[in-house]
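Here is a short briefing on how the parts of one protein chain meet. Look at the model first, then read the points below.

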Amino acid sequence: MNHDKNTRVAVFDIGKTNVKLTVATREGGILETISAPNATHPGPPYRHHDLAGLEDWLMEELRTLATRHALGAFVACGHGSGGVLVGEDGPAAPMIDYEQPLPDDVERAYAALAGSYRERGSPIMVGATHLARQLLWLERGFPEAFGRARWFLGLPQFWAWRLSGGAVSEFTILGAQSHLWNVPERRVTEIARSQAWNCLMPPLAPAWAPVGRLKPELAKRFDLPADMDVLAGIHDSSANFYRYQAAGHADMTVVSTGTWIVGLSDVFDQSRLSEARGMTCNADVEGHPLAGALTMGGREFSRVAGEDGAAAVTDAATVARLIERGTMALPSFGDEDGMFPGSAGAGAIIGPPPANPSEKRALAVLYTALLTTVCLDALRADGLVVLDGSFVRDPLYAGLVAASRQASGAGAQTLFNLDSQGTAAGSALLADHVRRTGPVAVTLEKPPRLDLPGLAPYRARWLERARDAAGSTAAMTTMTRMETR
């Protein structure tokens, strides 16, 4: 392994909509980042990602970055719903866009095969979210491509394989709602065994392990260092969590914010997980279970704030005015139930509506802060809570989460980190995992104290009305289904 402490780490961060290529120090310091859209094609055979175009972009940008930085390692991180069926030389089938709807017969067959919630580690979610469900569709719908397959690789491991030729599986990706891995028992799931998909899963390697060095032909073609290590790669949320683990923190919950509000806790009790509320069992870099709670807060924020509210400026006085008037946003403004079963698509604003863009933004910040506290309550987050991601750029968000926790009786510390590239920083830290002798530095700040005496009763009323509204919606949905049979 290339242990030259003066070399840099190239981090390829693959999101659903965009990708980033970042150069970082081995201590997680971000030096340079470039980004591009993560393009998809509508088909045939189904909506899929443009892996060939992405590879061209990646290699050309690595070439450019190598003229400015001494690259010693490459690591990919990405979401857990991306997998690629590969043959000897390349993809055997296009990479499925996980929001692609599946045929009804595959949905029915998967529901019968998927096993228990405790085994899977997550509910059955929409579309092609789970790698196991992608495999079932590929096997049944595209048998010729499936027959050519040698491996089925998680997204970070696919890029490790493309650059080095080394094929591995990895704990954090398998633990990210793949339905292929039982995290607490550290084994493949029953569906993976019964369908013989475990034969398509290469041996396990930890996220920090080099799977090889850059292929000589790639090094030569793109003027890249021949001794650049290619690491196994990691799930994006687990990479962010690892950053705080590497800083020496434990007994904590980390809330990452963006398109999703994702809470992960290392205080794990499987009996506390709720399938109805969409809770998950993830894995950290060592393969240990993490309790997870998530909701699509970013999209909900946009729908509550609207275009004019999203760009507005607001303050605590505006939030206080909304609380006093009883203006509430009730879940859910997205297509997922989130933490309120039965609430999908039922989002509503009750009480006097927001009067201007500043009030719209204030309501959106208040709403997403309340959603965050519901995730924390579900995780029984009694210890340190760290907030990071795009939401903390607005100081009201962290302040409202801290104030809501105090209002609900949680006396533990709530801190936030303004570094918006935690995923890339955590991924870069993997390069020195085996030789690190002390904690890395990470800056955590205290949220502003907000004077909102009406917050506690407001939060109690909001919870009651959110649960009542979700229950009513679920009951109506059940009655409609019965009437249409």
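The protein splits into domain 1 (8-232) and domain 2 (238-476). The model is predicted. The C-alpha centres of domain 1 and domain 2 lie 27 Å apart.

**Extent of the interface**

- Contact between the domains involves 34 residues of domain 1 and 34 residues of domain 2.
- About 2900 Å² is buried between domain 1 and domain 2. Carbon and sulfur atoms contribute 59% of that area.
- On the domain 1 side, the residues that lose the most area to domain 2 are Arg26, Tyr117 and Trp208. Together these three make up 23% of what that side buries.

**Polar and charged links**

- Three salt bridges cross the interface of domain 1 and domain 2.
- Arg26 and Asp432 pair through their side chains in a salt bridge, at 2.9 Å from N to O.
- Eleven residue pairs are in polar contact between domain 1 and domain 2, with both residues at pLDDT 80 or more.

**What domain 1 brings to the contact**

- Four strands each supply at least two residues to the side that touches domain 2: S1 (8-14), S2 (18-24), S3 (30-37) and S6 (71-78).
- Helix H3 (117-120) and helix H7 (171-174) also supply at least two residues each.
- By class, this side of domain 1 holds 17 nonpolar, nine polar and eight charged residues.

Terms used
Residues are numbered from 1 along each chain as its sequence is written. This is a predicted model: local features need pLDDT of at least 70, side-chain atom pairs count only at pLDDT 80 or more; totals for chains, interfaces and linings use all residues. Side-chain values use heavy atoms; hydrogens and water are left out. Domain bounds come from an automatic or database domain assignment. Contact means heavy atoms within 4.5 Å. Buried area is the accessible area (1.4 Å probe) that two parts lose on being put together, summed over both. A salt bridge is a side-chain nitrogen of Lys or Arg within 4 Å of a carboxyl oxygen of Asp or Glu. A polar contact is a pair of N or O atoms within 3.5 Å; within protein, one must be able to donate a hydrogen and the other to accept it, and residues adjacent in sequence count only if both atoms are side-chain atoms. Ala, Val, Leu, Ile, Met, Phe, Trp, Tyr, Cys and Pro count as nonpolar, Asp, Glu, Lys and Arg as charged, and the others, Gly among them, as polar.
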